[in-house]
Amino acid sequence: PSLFKSYGSAHLLNNFRCSIPATLRFCTFAVSEDDVSKPNSKTLEEATLANQKSIDFTKLDINLLPTVIIIGRPNVGKSALFNRLIRRREALVYNTPDDHVTRDIREGLAKLGDLRFRVLDSAGLETEATSGSILNRTAAMTANVLARTQFAIFLIDVRTGLHPLDQEVGKWLRKHAPGINPIVAMNKSESLHKDPNSFAEAATEALKLGFGEPIAISAETGLGMTALHESLRPMLENYMAKILDGKSSQDENLSQDNDSSKDDESKLPLQLAIVGRPNVGKSTLLNVLLQEDRVLVGPEAGLTRDSVRAQFQYQGRTVYLVDTAGWLQRGDRHKGPNSLSVMQSRKNLMRAHIVALVLDAEEIAKAWRSMTHAEVVIARQAVEEGRGLVVVVNKMDLLKGPRNSALYKRVKEAVPQEIQMVIPQITGIPVLFISAIDGRGRAAVMSQVIDAYEKWCLRLSTARLNRWLRKVASRHSWKDQGSQTKIKYFTQVKARPPTFVAFVSGNTKLSDTYVRFLTKSLKEDFDMGGIPIRIMQRSVPRMASGSSSKTGQSMGKTVERTPSDKRSSVV
């Protein structure tokens, strides 16, 4: 073993002679004196560098991790591999030979053994797509993202063999990313592990792509993940070694800035979900907030199928942004990708902290109503789940001009009033009027979202609340002062959303009118408008009158003590 470590296995195999007699069953090898006196210095250097490059990816900052993109023609299992790497079912996986489920770029944190890296799921590439089509636009978007990635996994379907479109994708990859040497992965290779001949034939065919030896994997069953790990590890370690060497010179500056950055690190990440009906401009708004073309946009309704999750920084705060697929009407929910998209949108709505409901200004002007039934359902569900709500009226540019000046003004006045009527549970819901296609409104939307999030996370001390309660109680008019329910004390038990408990005496309960009065007073006095507030009641048991009278009688009695030899007894 020491010789193998010192000289390298490849070097020793060149001078290896083996003889195994039937009786002795031993193996001998010979190494020349020149080999012993002159060890393979190149192999030693590689072994030394390998030991130095052992990097713990689990302890690295996520912003420093390398990025790996999964590319290939449509329906080869890219989304299934993405889900396997991030260990969650986030990307939609559906068998649609005549259609393409994935249309946007999805990002996630891959966990492959001890490796950590950012992985991107891309749309299927078709190089012969007509100009202006959905496939042509997705290919252009993939090319833009590919320019900012370091590594790629070229996925092919081993069941169908090497498709002519695979070779076209290989040419496209050489053209748009000449500096990336992708790892060719033969997906759906469950049957190849049983037949070595089939594996050799498939590997020989995949070598025609010109990207080196392929590996056989199965994203569905998890086969071949060890081979993928071994292929990725040296490349990722070399990349991180260069990055960490460049960062080492900045350690002193970073250590000096640690104290000043503690306040920023204390800010919790914000989860923002963009929801609404199809074709209202949700994806356009996401691209404006991210300031890059991350998702596909266009005049076609229902372009977004996956709930695209992205991360960005805004004023020192980490924001996780989710663009959901359009919520369809009940008659439009067909089986297939559309039904999966609606289910995924509901799950992301439950995970969000703040929900941005996007409306179409042009449809509001035509229908003379602010919200359809589907939009009312979305808003009420967000409120019932305790999420902060921000309403964004998009496409206001279509109402500008001298002919639409009166209509523009009427829409801006009517929408907030109608929203308050439809959702009476919350007062002061912020309403923004923007035009995302012009790239405007980013600062206004993020300002309202952060303001709602800070209110959603607000905590008030018990002493402050009880001082407020004494002042508020004097403002409430009671028909019968004797029937007034007294609150012993008032406290906040949790935030996100703010939840309060009123401790009342006995078995009495606060009336609904009084609860609404307290809720309104909290929003007005502590500036908590636009977010749901929950008030619960707890009873404090009273002392029974009979027990108090008995206690009084016993207090009036005289207790006589008689002496005893052992102890004094009470009579």
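Let's begin with burial: of the 571 residues in this protein, 45% count as buried. Keep in mind that you're looking at a predicted model.

**Inside the core**

Which residues touch the most other members of the largest nonpolar core? This core has 52 residues, and the ones to look for are Leu272, Phe490, Phe500, Leu518 and Leu522. Helix α16, residues 442-456, gives the largest share, with seven residues. The core also takes at least three residues from each of two domains: domain 2 (270-328 + 341-457) and domain 3 (462-476 + 485-540).

Setting aside its neighbours within four places in sequence, Leu518 is in contact with Trp468, Leu469, Val472, Ile487, Phe490, Leu510 and Ile535. Phe490, one of those partners, is also on the list of core residues that touch the most other members.

**Charged pairs**

Now for the charges. Side chains of opposite charge can pair when their charged atoms come close. How many salt bridges does a search of the whole structure find? There are 14, and here are three of them:

| Salt bridge | N to O distance |
|---|---|
| Arg317 and Glu454 | 3.5 Å |
| Asp360 and Lys395 | 3.3 Å |
| Asp527 and Lys455 | 3.5 Å |

Start with the side chains of Arg317 and Glu454, which meet in a salt bridge. Arg317 sits in strand β9 (residues 317-323) and Glu454 in helix α16, so their pairing ties together parts that are 137 residues apart in sequence. Are these two buried or exposed? Arg317 counts as buried, because its relative accessibility is 8% and the cut-off is under 20%. Glu454 is partly exposed, with a relative accessible area of 45%.

Next come Asp360 and Lys395, which also pair up through their side chains. Asp360 belongs to strand β10 (residues 354-360), while Lys395 lies in the loop between β11 (388-394) and α15 (405-422), so this pair links parts that are 35 residues apart in sequence. Both Asp360 and Lys395 are buried.

The side chains of Asp527 and Lys455 form another salt bridge. Asp527 lies in the loop between α18 (512-525) and β15 (534-540), and Lys455 is in helix α16, so the pair ties together parts that are 72 residues apart in sequence. Lys455 counts as buried, at 14% relative accessibility. Elsewhere, salt bridges that share partners join Asp114, Arg233 and Glu237 into one network.

What is the peptide bond from Arg496 to Pro497 like? It is cis, with omega near 0°. You'll find Pro497 in the loop between β13 (487-494) and β14 (499-505).

Then check phi. For Gln315, phi is near 55°, a positive value in a residue other than glycine. Gln315 is in the loop between β8 (308-314) and β9, and it is exposed, with a relative accessible area of 61%. Lys395, the salt-bridge partner of Asp360, has a positive phi as well, near 65°. Its relative accessibility is 18%, so Lys395 counts as buried.

How values were computed
Residues are numbered from 1 along each chain as its sequence is written. This is a predicted model: local features need pLDDT of at least 70, side-chain atom pairs count only at pLDDT 80 or more; totals for chains, interfaces and linings use all residues. Side-chain values use heavy atoms; hydrogens and water are left out. A nonpolar core is a set of buried Ala, Val, Leu, Ile, Met, Phe, Trp, Tyr and Cys residues joined through side-chain atoms within 4.5 Å. Buried means under 20% relative accessible area, exposed over 50%, partly exposed in between (1.4 Å probe, protein chains only). Helices (H or I, at least four residues) and strands (E, at least two) are DSSP runs, numbered from the N terminus. Domain bounds come from an automatic or database domain assignment. Contact means heavy atoms within 4.5 Å. A salt bridge is a side-chain nitrogen of Lys or Arg within 4 Å of a carboxyl oxygen of Asp or Glu.
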